[in-house]
Amino acid sequence: MAETDKDDLISIIEEDEKGSTIPDILPLMPVRDIVIFTDMLLPLFVGREKSVLAVEEAVSKDGFIFLATQKETGVENPKPDQIYEIGTIGRVLRMLKLPDGRVKALVQGVAKARIIQYTRKKSLYRVRHEVIAQVPVKEMTIEIQALMRNVRENSEKILAFRGEMTGDVTAILESIDDPGKLADLVASNLRLKIDESQLVLEVTDSVERLQKVNDLLSREVDLSSMQAKIQSNVRDEIAKSQRDYFLREQVRAIHKELGESDEKALEIEEYQKKIKRAKMTKEAETEALKQLKRLEQMHPDSAESSIVRTYLDWLVEMPWSKSSKDDINIKEAQKVLDSDHYGLKKIKERILEYLSVRKLNPKMKGPILCFVGPPGVGKTSLGRAIARAMGRKFFRISLGGIRDEAEIRGHRRTYIGALPGRILQGLKQCGTNNPIFMMDEIDKLGSDFRGDPSSALLEALDPEQNAAFSDHYLNLPFDLSKVMFVLTANMTDTIPSALLDRMEIIMLSGYTEEEKTVIAEKYLLPRQLKENGIKARDLQISPVALQQIIAEYTSESGVRNLEREIGTICRKVARNLAEEKKGPFTISKNNLHKYLGIPKYIAEMDQEESQAGLVTGLAWTQVGGEVLYVEASLIGGKGEMILTGQLGDVMQESARAAMSYARTRLAEFGIEENVFENQDVHIHVPSGATPKDGPSAGIAMATALISILSNKPVNKYVAMTGEITLRGRVLPIGGLKEKALGALRAGIKTIVIPEKNKRDLDEIPLYVKKKINFIPVKNMSEVLDIAFKLDGE
């Protein structure tokens, strides 16, 4: 400010102190972002129309204007209830109109006042006010002097933290003897929140106001000291980083002078060698060199350098061109498959066919085989046998319960802790690009908001597409066409059709008792003896006892539970040997219960005798074939049909079709026409807690219904499967081999099958056909003739 301006300002203030009278009604200018205290001198930039008019009116008269803070700073045109009542009467000392229409005014606070009434609200606010008199300090006590000294010292501390401390400021603070003026001066420079500054302004008692300012000062000192500490730490960290950088550069220069290389240069050079040795594709090598150049320019301790380093490690360790050499000898492969698995003739033939083609055409694309069958039939171990037969590496992952697409395709590198998907992880672990890659439980994949893993597998399992499989992490095409994928599932119903279309399905039905006996003798028992540390001479299981274990202690398509039961016997024998009891121990039919307890299953039929209304059907489940009993009963009623046993929609429709067939042929079966007038038919399928569905129980339901109506017993050794039509035709079904094996375990002697299923008999082992008589039929009359014949008993 010019010297003449200062003189004019001093004269104006002195004139005001000598006795200028403040009018009762003043123009009001709402201010935002600031609370104006008495004796406070500051410039204001005024842009709102009402505020400009208020300033102009004040200047045109005696210069006085009422300055009050608005409660919400974002309100452009505040209403009276949005403006604080207590404010400061100020005097406009100088005004300057700017070219953009705004006004710059130099204002000084004169007195504290309260708004009593708004006398005008349209073009500008005019208010009637009353001046708030300051309560004078009667006596400067020691407490007040101490409080003032504390406020001065804290003010100096804050200014020192801000770098604004000067000798003039200290002089000004020391020159103020009035507690109220000291409080106003400090509060106006403290950078408080609006509501806190307003609270200070509204305190009339000088000492009380100074105490309030002291409390706020103490908090501000703590904040400022903490801020200064943080800034100091940051400066120290930056200085340390710069110092470390300069030192590293000096070390690099020293190494260079000595003809040596530093660690970073050695790391870059090592990566260059690894990239060259990896024999990547041209696209992958370009990306690797690009990332290596980025790493070279980065600080070694930066967070991003570790991400780039990890990415480069994955690139150089992937088997881009490293393959294991196939050692294909068909006769040796046959021996390997036979040594690991008994039976499974069709599956072994398909594997040997693939190996033969592979031998003649090494560049053929790998097939996608999917072994489908119940648990425990050797699906996973078949994959290991294929790897052994070909001399390839083997890797297995389980897909059961996977719901995240990133498990297959990997995470993008933007995420912390990102990794490639399970497929590329497996290839890296194998170290070759042509392993036998087994994916277990493909039928148990899930999907949720994180994506659909089965859709991600479409590219990996398609021989036409997987030559350029793209993983989100690598973000580069990788050739999977040399990988032989082998998948396993318990059933195909839950596998998406698009994924199922890319696979070659090979069914594993299960084992007969004879096959289980051979498997137990050749594979399971020797393995359990080895695992339990027992020598072959110390434990002998008789063939009869082994057959009893299979028939009475297990009921499964595979051999998993059979191995558990043999393991139980081995553990008990191991304990006897550990207790120094003399062997050898022989397990026979007579002492088997001492090792395994009472039998869990009854090998014979559950039915004691042939009964009317009780028919044995056959069902196919995830764990193989099973017998399914259908019961029918007549009860008093009005001809309705009751279905129980958790039957699905298709099975209920089969029951209705059977009912309609029976009602149209009552006379043919010698049944009264009015039999349904006062009787209901109840059809029940036991094991009510297990849901059941499918059309193959249609002829069993019709037979049970006609049997109870005609009171003719059904041969308990006869089981049947087939779909029924309203005219009594018997339609074909699926899963005949599995159902036949289930019937054999249950002691069935005759199975009635649809005529069109005769072609499936070729897949059923010869020894099964020797024990079970398969009778093809075309219509229900043939079924009933067989079911009601009791000679088989």
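**Exercise 1. How many salt bridges does the count come to by the distance rule?**

Solution. The model is predicted. Step 1: recall the idea. Side chains of opposite charge can pair when their charged atoms come close. Step 2: apply the cut-off, a side-chain nitrogen of Lys or Arg within 4 Å of a carboxyl oxygen of Asp or Glu. Step 3: read off the total. The count comes to 29 salt bridges.

**Exercise 2. Find the salt-bridge partner of R422, and say which parts the pair ties together**.

Solution. Step 1: find the partner. R422 forms a salt bridge with E407. Step 2: check the distance. The closest N and O atoms are 3.2 Å apart, and the cut-off is 4 Å. R422 lies in helix α15 (residues 422-430), and E407 lies in helix α14 (residues 406-409), so the pair ties together parts that are 15 residues apart in sequence. R422 has a relative accessible area of 26% and is partly exposed. E407 has 31% and is partly exposed.

**Exercise 3. Examine the salt bridge of K600 and E565. Is E565 buried or exposed?**

Solution. Step 1: check the contact. The side chains of K600 and E565 meet at 2.8 Å, N to O. Step 3: judge E565. Its relative accessible area is 8%. Buried means under 20%, so E565 is buried.

**Exercise 4. Classify the exposure of E579 and K581, which form a salt bridge**.

Solution. Step 1: confirm the pair. The closest N and O atoms of E579 and K581 are 3.6 Å apart. Step 2: take E579. Its relative accessibility is 40%, which counts as partly exposed. Step 3: take K581. Its value is 44%, and K581 also counts as partly exposed.

**Exercise 5. Which residues are linked with K61 in a network of salt bridges?**

Solution. Look for the linked side chains. E57, K61 and R126 make up the network.

**Exercise 6. How many cavities of 30 Å³ or more does a search of the whole structure find? Describe each**.

Solution. Step 1: recall the method. Rolling a probe the size of a water molecule over the atoms shows where empty space is left. Step 2: count. The search finds two cavities of 30 Å³ or more. Step 3: take the largest cavity. Its volume is about 70 Å³. Its lining consists of P30, R48, K50, S51, E76, N77, P78 and Y125. By class, that lining has three nonpolar, two polar and three charged residues. Step 4: take the second largest cavity. Its volume is about 40 Å³. Y511, T512, E513, K516, L741, L744 and R745 line this second cavity. Its lining has three nonpolar, one polar and three charged residues. Step 5: ask where the second lining comes from. α18 (513-531) and α24 (736-745) each supply at least two residues. α24 gives the most, with three residues.

Terms used
Residues numbered from 1 in each chain as written. Predicted model: local features only at pLDDT ≥ 70, side-chain atom pairs only at ≥ 80, totals over all residues. Heavy atoms only, no water. Helix = DSSP H or I, 4+ residues; strand = E, 2+ residues; numbered from the N terminus. Buried < 20%, exposed > 50% of the residue type's maximum accessible area, 1.4 Å probe, protein only. 1 Å grid on protein atoms, 1.4 Å probe; cavity = no way out; pocket = protein on both sides within 12 Å on 5 of 7 lines; lining within 4 Å. Points joined across faces, edges and corners; volume = space filled by probe spheres on them. Nonpolar A, V, L, I, M, F, W, Y, C, P; charged D, E, K, R; others polar.
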